[in-house]
Each structure stands twice: as C-alpha cells, then as structure tokens.
Number of protein chains: 2
Amino acid sequence: MHEVPHGEILEELKGLGARKVLIQSPEGLRREAEELARFLEENGLTVILHGEVNYGACDPADEDAKKLGCDALIHLGHSYMRLNLEVPTIFVPAFAKVDVVPALKRNLSEIRKLGKRIALVTTAQHIHRLGEARDFLEKNGFEVVIGRGDSRVSWPGQVLGCNFSSAKVEADGVLFIGSGLFHPLGVAIATKKPTLAVNPYSGDATWMNAEAERLIRKRWAQIAKAMDAKSFGVVVSTKKGQLRLAEAEKVIKLLREHGREARLIAMDRISYPELEGFSFEAYVVVACPRVPIDDSENWRKPVLTPREVELLLGLKEEYEFDEIRGAERRWDEPLGVAVHGPKAGL
Amino acid sequence: MHEVPHGEILEELKGLGARKVLIQSPEGLRREAEELARFLEENGLTVILHGEVNYGACDPADEDAKKLGCDALIHLGHSYMRLNLEVPTIFVPAFAKVDVVPALKRNLSEIRKLGKRIALVTTAQHIHRLGEARDFLEKNGFEVVIGRGDSRVSWPGQVLGCNFSSAKVEADGVLFIGSGLFHPLGVAIATKKPTLAVNPYSGDATWMNAEAERLIRKRWAQIAKAMDAKSFGVVVSTKKGQLRLAEAEKVIKLLREHGREARLIAMDRISYPELEGFSFEAYVVVACPRVPIDDSENWRKPVLTPREVELLLGLKEEYEFDEIRGAERRWDEPLGVAVHGPKAGL
C-alpha cells in the first residue's frame, strides 16, 4: 500500500555521509523496513532495525540511534514533529494510494448536512489528496476552509490524535477524511461542531457527534470512579514528544491543593501491568491522550487525562479533549522525504 | 520483608547536593519505593517514581533521570553493576531477612551427597548470610569454596541469571542458596557439576541436574525448530548492561557465513508481540539470557541464545548456558547503600 523511495533515501544518506543507520517503523511498515534495510546493505551501509513498534513522530529513536553508534535515523511512516534530535533523521511519511474523491462523491448528500462553509481535515496518510478533495467540494458549491494548525502538525488541514488545531476554524461543520474513529472523535469534541468522517477505503460516512457523546459519557464514568480516590499516580512518558513535565506538575499541584495525594511517575511506554504493584487508587496519564482513552479497559484503576482532573475537582464543567499544543507553525513539511536534526542544519 | 534505610539514603542525597531524585524499583519493592518517596518529600526533596518494573542493575534508569532533570537516581533492590552512569546513583540492595542455616541443617544429608569440597553460591538477596552458611557447613565437616566471580557481580559467591563466574571453582559439587530455579539451573549447566538448591523460605532442597537436563532437551527442541530457518532476527537490548553489540555482530557474521540471512534488531524491552510484523523465521536474543529461555513460550517463532546458534550451525556439540561475562573484579560492594556515578568520583 505504501511506497518507500529507496533511491531518494540512499541519496540523502550519502549526503549526510552516513555509514550506519537505524530504521524505525510503525506496525504497518515492518516489511517495508526490512526491504529498505536489504536495499541499503546492498549499497554498502550497515543497518539496524528498531524493534519497537512506533506510534508517531513524537517518539523518534534518535537517542537509541546514537547509543547504537548510528550516524543517522530513518523514521518511516510519519513526518517531522518539531523536536531536538540527537542524530540526523530522515522522515519518510507514508501516503496512502487510495483516491479520496469517490468516497466524497458517494456521500455528497450527507456532507451537505454539515452546512455551506466546511472545515476540511485529514491525517498525514491522506494529506497529499487534500487539494483534490477541496477542488471537488468547491466545484460542488462548498466554501472550504483548511486550517493552518500549530507547529505540532506538518501541513495545513492535518490532525493528530493529540492535536486538532487545524480543525479549529470558522465553519459550519467539519469534514474529516480518513480511517479509524479516534481522530474524528477528537475533532468532534475539540471543535464542538457537527463532524462527518468519510472513509476513503470503505466509502462509508459516519456522523461523529453521537459517538462523541457516547465517549464523553464513558469518560464521565471514569471520572466518577476516581471521585473518591485519595491517591493519584500522575504518569508522564519519557518519549521525547510526549514528555509533558510542566503539565504533570500542574496536575499534581491541583490535586494536592484539593486534598489528594499525588505522585509523579515516569516511564517510556505507559501500560497498567507495570504499575500494578503501586498503591495508587487512580491514575492521570499526561502523555499521549490515546493511552487513557483507548486503553482504559486494560487498567484496573480509573485512568484520566489532565483535562478530566479539572472536571473531577469541579474546576470546569464542560468536557474537553486532552490536546498537546504546539507553537506557531512557520513552514509546511515537504510531501515526501525530509531530513532534520543536528547535521542537517535545521 | 525488606528494610530500606531512609535516613542513610537522605544523608547520601544531602552529600550529593541532590534536590530532585528518581526512584527505580523492582516489582517486589513498589510499596517501599512509595514510602521512600513520601519520606524524601517530607524532607524537602522532589521525587519521581520510575514506572517501569526493574529487573536488575543491568538496567539503571540514569538516562531517564537526566532527561527528567533529576540530580540523582535511587536504584532499589540491586547492587552496583560496573556501568557508566549519567547521574550519581544510590544503589540500595535488598537483603532478605530469612535465616539460611535452618534450611541447611534440615538438608544436611542431601548436601553431603555433593561431596566434601563444595562451592557455595547465592543471589544478592542472601549474600549477607553467606558467612553464616559457610561457618555452619565447615563445622559440619565440609570444605567450602566461595568463588570470587568477575566484575559483573558485586560479592564473592554471588550469581546472576547471566553470570555464574563465582560458581566456577575447584569443587565436587555446588550448593546454591536461594529461591527460584533459574539461577541454580544456570549454575548446574555452567559448572556441569552436581548442584543442589536449598530454599531458605520453604526449607526444601532440589537437585538441579535432572532439571538442567530437561531444560537442555527443551532448548535442543528450539534449536531443531530453527534448523531450517532462512532468516534470523538478531535482537539486542538498548538496556545499558545488556547491550552486547559485538556479540550480536559475531552471531550475524556466523549466520551469514553459513548461508542464512541475518538482521540486527535493537529495542529496549525485548518482547515477541512487537516483532510480530517482521518476516524473520527465527530469532536470536543477545541480551539477558532469561528472555529467550524463560519467555520462549510467548514467542511464535523459535528463539535462541547466541550459544545455541553455534549448536544450530554445528560449530559445537555440547550445550552451553549463555552468560554475560565481566572483567577481573577488583573490589566488593558494601553490604548496604553505595553511591556510584559521575559526581560520586567512582
């Protein structure tokens, strides 16, 4: 489904003078990582595969690359996220080959229910098709707004599971193009606007607002379960792009001011079984918002986001999605291979 | 069961001028870590708990401590292993309170079957009782030898799951004191001598040689399953004290010389589910030997130690336990708190 540009990556590595390189990949690009490794070794490089499944550019393996004596890292599947990198890193985003227009065409009458002025968002996988989608929608009488987003994203109109900045624009409703429900759920909750998710693979369209209400009810149930907890473990991840120490310290201060015990816990990949031995009655995960939301069924203690702690303590009443915000975004990433990090001079 | 010397740790932290500290703990000392955190915060320090379950001094969280802005690391449960540390680290070994002599007394007739001259070994948990054990055995007519061991261990007579250097002495048989079967299994295989394990908690004694034969047969079955594999993933761990890169490169070279494909893979905690997406037909784990041996039932592909690859390729015939060897050991660690790392001047 995804094409990895072998020749271009080899050229970049030559430009960097790299001889030993670490390749990092998400679950869906494991075979592509193996093929790239074979190609690079045939061309004289020494290659190591990173064994951990990667979930985003927020978790580059640059420190491991350095530790393993590699002069470069190849990060497959995601575009650059603004972070300080220890070694030159080649980001190879994965763009899906699927055409998005047929699914839009099929669901035009549903899309019309969003209103005339619609915000258009998608994930990195389909970002290269956003122009075609906009053209099609404009030809059909819509006024299309594509938000610039902040520095955590790479392109206008891109949303992450932890960042919906590009969806927060003046519009009647939001049209999300992509698969999976986590992103459009976040869009619906973060924008509080009618949100329609169109899946370019299946051609289906799903209204997210009822789903969002369902999720919010489930999250309130988690909050209720944590209501009487006396002690909270506040968990941060040491993953470079998820390490929200200041936010975690704020949560701890809040909890303590409200008479709860709170303790900061740090770990790489956050999973409940490793925490089982501690005595905390509830947890707050101040890292990737997918962990407390998508994984809460694997936790035997209530697990909240930082925003949900504010609801628990009665400091707010309206449910808010946990986002990791960036600064002002000054440039777009290329729609292809990009090199960042120390020797790349960026 | 274990006493953590709060006052002594606080004094060491004051000596180091530390204000923010990370506490790392194994599964069995989670509550003790929480109590220590509470005590240190009452005394003005800022404390973070490390969330990952720690399995040994081979995996100090010194790099995470640095990343989190801590000026010191407290490593609960294990003594220092010779590694370069990024921050001053207080090692607090955990000594079991159980008396070992009653179990020896109860099993004297079994112990006599080992012969007159016996090697005495134990784990770090019971090392402080080794003198009493030796005295008791000498009074009962044994000639007791306690091997010095190499630099990977902290004290004479100490064995690790990856190092049996202190058991390799001139003796008729080996007496192991401790719980669990992994260590004495390793002792029996590594020394090829009659090995008796005496458990000071239960008072039971277990002859390890039949167990060792059973394990070796199981391992040969793994080797047989990997016999026709064309491609091998050779996995190293980025954990500081398990990163055996040179050994892994040797394994890759050997496999390739014998017509197999082999690829180096690096990850922190080695677990099969993360590797599932790759196409390798077999794996070699060049890290902690417990991973391929204790965890092989969770792997859907055959998983070998580096030593087993030599058997697979027909380079050796006799089964050998995978050990991580140290250099010459120049000093013993104290039987208590010890400080190592950059500012500690060691």
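With which residue does A:Glu247 form a salt bridge, and how far apart are the closest N and O atoms? The structure is a predicted model, in which local features need pLDDT of at least 70 and side-chain atom pairs count only at pLDDT 80 or more, while totals for chains, interfaces and linings use all residues. Residues are numbered from 1 along each chain as its sequence is written, chains are lettered from A in the order in which they are written, and side-chain values use heavy atoms, with hydrogens and water left out.

The partner of A:Glu247 is A:Arg307, with the closest N and O atoms 2.8 Å apart; a salt bridge is here a side-chain nitrogen of Lys or Arg within 4 Å of a carboxyl oxygen of Asp or Glu. This pair links distant parts of chain A, 60 residues apart, from helix H9 (residues 245–257) to helix H12 (residues 306–312), where helices (H or I, at least four residues) and strands (E, at least two) are DSSP runs numbered from the N terminus. Both A:Glu247 and A:Arg307 are buried, a term that denotes under 20% relative accessible area, as against exposed at over 50% and partly exposed in between (1.4 Å probe, protein chains only). The two residues also belong to a network of salt bridges that includes A:Arg244, A:Glu310 and A:Lys316.

A further salt bridge, at 3.7 Å from N to O, joins B:Arg38 and A:Glu261, and this pair crosses between chains, from helix H2 of chain B to strand S11 of chain A. B:Arg38 is partly exposed at 37% relative accessibility, and A:Glu261 is partly exposed at 46%.

Within chain B, the side chains of B:Arg329 and B:Asp332 meet at 2.5 Å in a salt bridge; B:Arg329 is buried, at 2%, whereas B:Asp332 is partly exposed, at 36%.
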